[in-house]
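Thanks for making time this morning. I would like to walk you through one protein structure, so please have a look at the slide before I go on.

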Amino acid sequence: MTTEPFSEQEIVEGISQGSATKKAPDPEGISPGFIRRYAPWLSHSLTALANHAMTAGPPQQWLRSVLVPVPTPDKPVDEAASYRPVAPTSIVSRVIERCISSRWWKSGLEHHLTDQLGFRPKTSPEDIIADFAAFTEASIRATTYCGSHRGWIQRKVGVIAYDLTDAFC
């Protein structure tokens, strides 16, 4: 990944890739709509902030968030399981994160993550299942010569599965 300073164009692209303008404001009270609407006028200052944060580290207020319980549609509001936690962080820090992520993907480093399929462009749960099935089948069919056993032994495959349906309740 490149360590060159951010350009104003990168910051404007990071803003345009951001969330919808009707989202709630961040902990500092800045709304995504404000940043998006005034991006041409804010890009110079945001670029300076981004470049300073990359050399000196992010300001502490960018690391702060406020946990907000958001009701899940079509569930009773009087039950704790009907809410999901949302913790909005600084919009300025999210813009910079998008710029870093964009640089990372453009640099070709994504080709080094062959084992991670979640949260990557053009991958799906079906890809994970297909890879797992192919790995399992190849492992079961594979045999290895073991000198201490004086012969060929077959590999064993174990599976551990977790259900994370209610992990955040």
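Let me begin with Y38, which has a relative accessibility of 35% and therefore counts as partly exposed, a label for values between buried, under 20% relative accessible area, and exposed, over 50%, with a 1.4 Å probe and protein chains only. Before I go further, please keep in mind that this is a predicted model, where local features need pLDDT of at least 70 and side-chain atom pairs count only at pLDDT 80 or more, while totals for chains, interfaces and linings use all residues. Residues are numbered from 1 along each chain as its sequence is written, and side-chain values use heavy atoms, with hydrogens and water left out.

Y38 sits in the loop between helix 2 (32-37) and helix 3, where helices (H or I, at least four residues) and strands (E, at least two) are DSSP runs numbered from the N terminus. F34, at 38% relative accessibility, also counts as partly exposed. The rings of Phe, Tyr and Trp, the last by its six-membered ring, are paired if their centres lie within 6.5 Å, and planes under 30 degrees apart are called stacked, over 60 edge-to-face and the rest tilted. Two aromatic pairs turn up in a search of the whole structure. In the pair of F34 and Y38, the ring centres are 5.1 Å apart and the planes stand at 50 degrees, so this pair is tilted.

Together with W41, F34 and Y38 form one aromatic cluster.

What is F6 in contact with, leaving aside its neighbours within four places in sequence? Taking contact as heavy atoms within 4.5 Å, the partners of F6 beyond those neighbours include I11, T47, M54, I96 and R103.

Finally, the overall picture: the protein has five helices and four strands, following the pattern α-α-α-β-β-α-α-β-β along the sequence. Of its 169 residues, 20% count as buried, and among contacts between residues at least 6 apart in sequence, 50% join residues at least 24 apart.
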